[in-house]
Amino acid sequence: QDYLVRIRQLVDEATDVVQGCSSIDEMIRNFGELVLEGWYAKRSLSEQISSPMLDEALKTGLKAGAYGGKVIGAGGGGFLLFVAPEQKHPAVVEALHPLRHVEFAFEKRGSGIIFANH
């Protein structure tokens, strides 16, 4: 129960971090740490949320310079999302080889269909 309360609190804290940091570096570090804390809180809810392989990959990314990370997606598939300063991106990608690196960008307009195969 305490973990669920903490997960909800992290949303407000993340909003404050994004809006209130004095530099992009500070924002990335603080946001990454919140993402990681949220992941650990969620992971503690059930043993089925993660796996030894995912846990090891997360540790590897953090050791390579990421400030935080979490699993996103569901149903036995998905992605590991890492929050890292730009200069650490190559080291994180290399450390996680042969896992596939998928680049993404934030979109101000929200989600939308980017590919449709008719």
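1. At 18% relative accessibility, D55 counts as buried, where buried means under 20% relative accessible area, exposed over 50% and partly exposed in between (1.4 Å probe, protein chains only).

2. The model is predicted: local features need pLDDT of at least 70, side-chain atom pairs count only at pLDDT 80 or more, and totals for chains, interfaces and linings use all residues. Residues are numbered from 1 along each chain as its sequence is written, and side-chain values use heavy atoms, with hydrogens and water left out.

3. R43 and D55 form a salt bridge, with an N to O distance of 2.8 Å; the term denotes a side-chain nitrogen of Lys or Arg within 4 Å of a carboxyl oxygen of Asp or Glu. This pair links distant parts of the chain, twelve residues apart: R43 lies in helix α2 and D55 in helix α3 (residues 52-63). Helices (H or I, at least four residues) and strands (E, at least two) are DSSP runs, numbered from the N terminus.

4. By the salt-bridge rule, the count comes to three. One of them joins R6 to E37, the closest N and O atoms being 2.6 Å apart. Here too distant parts of the chain are linked, since R6 belongs to helix α1 (residues 2-20) and E37 to helix α2 (residues 24-43), 31 residues apart. E37 is partly exposed, with a relative accessible area of 32%.

5. R6 also has a salt bridge with E13, whose closest N and O atoms are 2.5 Å apart. E13 is partly exposed at a relative accessible area of 30%. Through shared partners, salt bridges join R6, E13 and E37 into one network.
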